[in-house]
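Here is a short tour of the pockets in this protein, written to be read with the structure open beside you. Take a look at the model, then follow along.

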Amino acid sequence: MIPRYSRPEMTRIWDPENRFRIWFEIEAHACDAQAKLGVIPAEAAKAVWERGAWEIDRIDEIERETKHDVIAFLTNLAEHVGPEARFVHQGMTSSDVLDTCLAVQLTQAADLLLADLDRLLDALKRRSLEHKYTPTIGRSHGIHAEPTTFGVKLAGHYAAFARNRKRLEAARAEIATCAISGAVGTFANIDPFVEEYVAEKLGLSVEPHSTQVIPRDRHAMFFATLGVIAASLDNLATEVRHLQRSEVREAEEYFSPGQKGSSAMPHKRNPVLSENLSGLSRIVRGYVTPALENVTLWHERDISHSSVERMIGPDATVTLDFALVRATGLVEKLVVYPENLQKNLDMLGGLHNSQRVLLALTQAGMSREDAYRAVQRNAMPVWLEGKDFRTMLKSDADVMKHLTASAIDDAFDLGYHTKHADTIFRRVFGV
């Protein structure tokens with residue numbers, strides 16, 4: 001977790017203090033369940049809650065000797081609880097604690113990420129509505145295609161993040177499982193009631209089948225979902241980076257007073273936030289493959305997944321949390337230049353109306369092949385010589401045999417291209 005790209009709300013989830021608190025709650029709730037079953041004295045379960053405590057430094061000291069983090073924690077806990085500590089961890093194995101704790105941490109992280117997505121969605125919706133009818137040129141292959149609006153452009157990103165929110169809700173539900181089934185997952189030394197009891201107390205569901213570990217396909221789906229969200233962030237950031245290019249300058253990141261763009265060139269205004277988002281997105285996507293590799297474990301359990309998750313759990317969630325918050329600020333403060341949008345739209349002398357002319361000619365009786373050739377031969381001089389497309393068409397005898405001058409003028413109506421903006425917005429945003 002790099003402080004430069006971290007928010008305390010998320011890093012706290014992965015702090016040792018939070019991890020050990022969750023471990024303690026798992027053990028204490030398990031003691032309560034065991035007491036209800038009559039496996040341990042009720043007084044012992046009460047003592048765990050009343051005297052249970054731990055010190056991170058002490059746990060680290062014990063682990064240096066034992067080389068086992070859960071044993072180190074239980075040893076330190078016993079130093080506080082006293083003789084009743086012999087009833088702690090009855091019939092349990094380390095993975096019961098570790099996997100259930102990770103489930104809690106990932107659900108906590110998911111809740112923060114869902115809140116982040118809500119704020120980003122709100123920002124995208126507001127800016128989409130603001131520019132619902134602000135015309136801009138649409139591009140395919142980076143080349144002028146047909147007009148759209150800046151609001152419709154942003155609405156597409158809103159729709160992507162709305163899908164991502166649903167995906168993350170599903171991934172959260174899938175990861176939120178509790179496993180307290182003992183060695184190799186058979187419940188031989190612990191009653192399934194304990195698992196059910198702890199799961200309810202922690203807001204988790206019961207893992208239907210654990211083999212001493214929670215199946216890692218759940219975790220793979222969780223991190224894959226984070227990767228898809230990161231990819232959507234990169235898509236948004238790349239759009240901004242292209243729009244901010246000096247030759248385009250249709251929109252740009254907010255440049256605050258006193259901000260510097262370059263150590264060498266005082267004039268620079270660089271898309272550093274969106275470039276940062278592209279880089280952070282690569283990091284999050286990079287954690288998807290290790291999560292997929294973790295699905296394959298030896299027999300009922302090995303710990304090849306453990307070192308991976310100790311890295312990617314904090315790093316993926318912390319990085320994505322930071323990126324989502326940064327993206328929200330980027331969208332909220334994005335500077336849009338309608339005059340440049342219009343200027344670029346008009347840059348190619350009306351070529352963006354080529355399909356309208358093509359269709360008008362076919363409707364007027366010309367074959368599609370002949371219509372395409374007629375439109376294209378008038379379009380090329382506009383590309384190469386800077387001529388006006390409408391004028392070229394009106395000077396073409398073949399075109400004028402089929403279309404009147406007013407029909408050609410109608411084909412250059414900008415409103416034609418934006419007439420279904422309302423329909424798109426209803427589909428994306430609802431009523």
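## The largest pocket: who builds it

A quick reminder before we start: this is a predicted model. Four helices each contribute at least two residues to the lining of the largest pocket: helix 2 (16–37), helix 4 (56–66), helix 6 (94–130) and helix 12 (304–333). Which of the elements gives the most to this lining? That is helix 6, which supplies seven residues.

## The largest pocket: space and centre

The largest pocket holds about 580 Å³ of space. Its lining is made up of 27 residues, and those closest to the centre are R19, D69, L98, S306 and R310. If you want to find the spot on your screen, selecting these five residues is a handy way in.

Now let's turn to the next site. Lining it are 16 residues, with L351, S354, Q355, V375 and A379 the closest to its centre. Two or more lining residues come from each of strand 2 (143–149), helix 14 (354–363) and helix 15 (368–385). Helix 15 gives the most here, with six residues.

As for classes, the lining of the second largest pocket has 10 nonpolar and five polar residues, along with one charged residue.

How values were computed:
Residues are numbered from 1 along each chain as its sequence is written. This is a predicted model: local features need pLDDT of at least 70, side-chain atom pairs count only at pLDDT 80 or more; totals for chains, interfaces and linings use all residues. Side-chain values use heavy atoms; hydrogens and water are left out. On a 1 Å grid over the protein atoms alone, a cavity is a set of points where a 1.4 Å probe fits but cannot get out, and a pocket is an open set with protein on both sides within 12 Å along at least five of seven lines; lining residues have an atom within 4 Å of a point. Grid points are joined across faces, edges and corners, and a volume is the space filled by probe spheres set on the points. Ala, Val, Leu, Ile, Met, Phe, Trp, Tyr, Cys and Pro count as nonpolar, Asp, Glu, Lys and Arg as charged, and the others, Gly among them, as polar.
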